[in-house]
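Look over the structure first.

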Amino acid sequence: MGDLELLLPGEADVLVQGLRSFPLREMGSEGWSQQHENLEKLNMQAILDATASQGEPLQELLVTHGKVPTLVEELIAVEMWKQKVFPVLCKLEDFKPQNTFPIYMVVHHEASIINLLETVFFHKEVCESAEDTILDLVDYCHRKLILLVARSGRAPAEEEESQYSNPMQELQKQAELMEFEISLKALSVLRYITDCVDSLSLSMLNRMLSTHNLPCLLVELLEHSPWSRQEGGKLQQFEGGRWQTVPPSEKQKLRKLDGQVWIALYNLLLSPEARARYCLTSFAKGQLLKLRAFLTDTLLDQLPNLADLQAFLTHLALAETQPPKKDLVLEQIPEIWERLERENRGKWQAIAKHQLRHVFSPSEQDLRLQARRWAETYRLDVLEAVSPERPRCAFCHAEASKRCSRCQNEWYCCRECQVKHWKTHGKACVLAAQGDRAK
């Protein structure tokens with residue numbers, strides 16, 4: 001990967017400077033689509049930077065040009081579009097698209113942004129550059145963690161496409177699966193925010209510890225572990241975008257997502273600023289003491305710092321609980337969601353109908369041009385470099401070694417799977433191949 005480069009020198013700087021917020025009505029438009037493609041390039045470049053540790057890190061550009069707040073606003077805007085506009089769009093009687101990929105790009109936009117934020121928020125200066133929008137981002141992460149807890153025990157399964165009678169039903173199922181992955185990435189982003197807990201404002205601490213009571217919510221996540229499941233008597237973990245069977249020899253190994261929860265808890269309970277602000281009521285005490293059952297010797301060997309947390313819990317078991325605090329705190333309120341809802345309230349159906357006519361009903365020529373741009377954005381050598389594992393069959397998800405000969409975009413383990421998947425893949429395959437020939 002050493003010599004692999006997605007963006008030319010200076011190109012990333014231009015793309016970062018050009019980032020801007022779009023109204024909900026314009027999502028999916030030509031200008032929005034161009035920015036989505038730019039974000040995908042920046043996303044892949046950020047992963048290359050993080051993996052290869054070479055070139056000018058993308059996080060420096062985002063901080064220098066003050067674009068982290070823009071990313072947060074775009075993230076919340078597309079979240080609102082998915083909640084308010086997408087369901088209306090799916091119910092319109094005259095909406096029967098021949099190709100759902102333009103809508104898929106909007107649905108996927110949230111995943112692209114949260115993935116980029118997960119990559120760059122590892123650096124504390126990025127968190128600090130979010131300024132007041134960090135409140136909005138914490139609220140966003142809280143909403144996603146609530147979804148994870150709510151769906152515990154019924155995490156989405158990987159289903160065969162043939163079960164869905166039409167493209168829109170299939171798209172809705174894909175959106176549900178994507179929502180699960182987005183929520184897991186939001187957990188990682190929240191953990192990186194807690195790394196900066198000692199430098200956060202008093203208002204921010206109050207929102208995390210009192211308004212949302214994040215420590216208790218994180219305990220719920222550890223208890224239910226929505227990224228784990230039993231399938232056919234075998235333990236499976238959701239990693240790398242799919243469910244993977246855990247070998248018996250690795251069942252005691254700490255998984256990444258569990259580690260993110262433990263580190264977030266450590267930051268929120270043991271950092272001096274947070275400890276001074278967190279009110280240990282009888283409910284909070286009862287929830288936190290549940291952690292002692294998880295703090296095994298095997299876990300402490302893998303995360304030695306948790307010994308401090310274990311000592312804290314031992315002390316907590318003997319301590320008196322506190323009544324709820326009634327301190328007078330001048331609290332900042334997240335404003336992006338409220339502002340977007342105020343600006344678009346009562347317009348959801350009008351926005352859906354506008355996008356039906358002008359955005360999501362492209363001509364065959366428009367689709368061919370778009371296919372060409374997709375091929376240029378999703379370069380195969382870069383996709384393979386940033387992928388955490390070997391290619392997987394698009395139909396059965398087994399390890400794959402054969403690629404579609406026409407478009408070169410999908411992987412298959414055998415000819416039989418390719419034939420079965422053609423009903424789903426065929427349209428996009430033809431368009432992508434036509435886009436390549438048009439170059």
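In what order do the three strands form the open sheet? The order is E1-E2-E3, with antiparallel pairing. This is a predicted model: local features need pLDDT of at least 70, side-chain atom pairs count only at pLDDT 80 or more, and totals for chains, interfaces and linings use all residues. Residues are numbered from 1 along each chain as its sequence is written, and side-chain values use heavy atoms, without hydrogens and water.

**The sheet**
- Strand E1 (228–231) and strand E3 (242–245) are the edge strands; each has a single partner strand, so one side of each lacks a neighbour in the sheet.
- On average, neighbouring strands are turned by 40° against each other, direction ignored; axes are lines fitted to C-alpha atoms.
- Strands are DSSP runs (E, at least two residues), helices likewise (H or I, at least four), numbered from the N terminus. Two strands pair if DSSP finds at least two bridges between them.

**Strand pairs**
- E1 and E2 run antiparallel, joined by four bridges. Arginine 229 stands opposite glutamine 236 in E2.
- The hairpin of E1 and E2 has two residues between the strands, and its glycine 232 takes a positive phi near 60°.
- Four bridges also link E2 (residues 234–239) to E3, again antiparallel. Glutamine 237 has glutamine 244 in E3 as its bridge partner.

**Helix H17**
- H17 (residues 336–344) has these buried residues: Ile336, Trp337, Arg339, Leu340, Glu341 and Asn344. Buried means under 20% relative accessible area (1.4 Å probe, protein chains only).
- Helix H4 (68–84), helix H8 (133–150) and helix H18 (348–358) are among the elements covering them.
- Glycine 346 follows H17, with a positive phi near 80°.

Technical notes
Axes are lines fitted to C-alpha atoms, for helices over the stretch in contact, and angles run from 0 to 180 degrees between N-to-C directions. Buried means under 20% relative accessible area, exposed over 50%, partly exposed in between (1.4 Å probe, protein chains only). Contact means heavy atoms within 4.5 Å.
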